[in-house]
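User: I am new to this structure and would like a guided tour. Could we begin with the pocket?

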Amino acid sequence: MRTTVKKRAQRAVRKATPSSRKSARPTSAAATIRQIGHNWAQNWNTGDLEKLVAAYAPDAVYLPPHHEAVHGRDSIRDYLRVPRSHGVSDLAFDVTYIKQSGDVAWDVGTYRMSMPQNDGTTRQDHGKYLTVWKRAGKNWLIAADAWSSDLPPAH
């Protein structure tokens, strides 16, 4: 009888323990946001403005330095055309951290990029950014995007 009770207890423990089969886990918000940020930089560098703008919520706000806030996906598209047309390139992000609270997340990090100058040379810029994300169904979209250079203003 002891063996039977012991075997029943072992079976009960095995049933209560999750199976060793891997379940399909949703990708973490941080991993998804990191990938979208990587894609954003790639799309910037290849000049794919439509893919860039698709990362923004329709009511997003873009907060570039030395410029008023830009509201809405269509206005962000119009704004981003200018630096893209001037040849700003080689954009890369380094994520410092990504935090999440429910359907909102924020991404903090640094960036670097090449900016053409009027004399034909290129100036390397670097600075920091803060991006606020919101979940829209299964997707994460940029709700607010702010950045600023660590370099002194060019004269």
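Analyst: A definition comes first: on a 1 Å grid over the protein atoms alone, a pocket is an open set of points where a 1.4 Å probe fits, with protein on both sides within 12 Å along at least five of seven lines, and lining residues have an atom within 4 Å of a point. The model is predicted, so local features need pLDDT of at least 70, side-chain atom pairs count only at pLDDT 80 or more, and totals for chains, interfaces and linings use all residues. Residues are numbered from 1 along each chain as its sequence is written, and side-chain values use heavy atoms, with hydrogens and water left out.

User: Which residues lie nearest the centre of the largest pocket?

Analyst: Val 88, Met 113, Met 115, Asp 125 and Trp 147 do, out of a lining of 43 residues. Elements giving two or more residues to that lining include helix H2 (29-46), helix H4 (73-85) and strand S5 (122-136). Helices (H or I, at least four residues) and strands (E, at least two) are DSSP runs, numbered from the N terminus.

User: Which element gives the largest share of the lining of the largest pocket?

Analyst: H2 does, with seven residues. By type, the lining divides into 30 nonpolar, eight polar and five charged residues. Here Ala, Val, Leu, Ile, Met, Phe, Trp, Tyr, Cys and Pro count as nonpolar, Asp, Glu, Lys and Arg as charged, and the others, Gly among them, as polar.

User: Stepping back, how many helices and strands does the protein chain have?

Analyst: The protein chain has four helices and six strands. Their order from the N terminus is α-α-α-β-β-α-β-β-β-β.

User: What share of the residues counts as buried?

Analyst: Of the 155 residues in the protein chain, 29% are buried; the term means under 20% relative accessible area, while exposed means over 50% and partly exposed lies in between (1.4 Å probe, protein chains only).

User: Which residues have the most contacts inside the largest nonpolar core?

Analyst: Trp 40 and Leu 80 have the most contacts inside this core of 28 residues. A nonpolar core is a set of buried Ala, Val, Leu, Ile, Met, Phe, Trp, Tyr and Cys residues joined through side-chain atoms within 4.5 Å.

User: Which residue in the loop between S1 and strand S2 (70-71) is worth a look?

Analyst: His 66 is found in that loop. Phi of His 66 is near 60°, a positive value in a residue other than glycine. His 66 counts as exposed, because its relative accessibility is 77%.

User: What is the phi of Asp 90?

Analyst: Asp 90 has a positive phi of about 55°, although it is not a glycine. Asp 90 is found in strand S3 and counts as exposed at 51% relative accessibility.

User: Lastly, how far apart are Asn 139 and Ala 55?

Analyst: They are 84 residues apart in sequence and 9.4 Å apart in space, C-alpha to C-alpha. Asn 139 is found in strand S6 and is partly exposed, with a relative accessible area of 49%.
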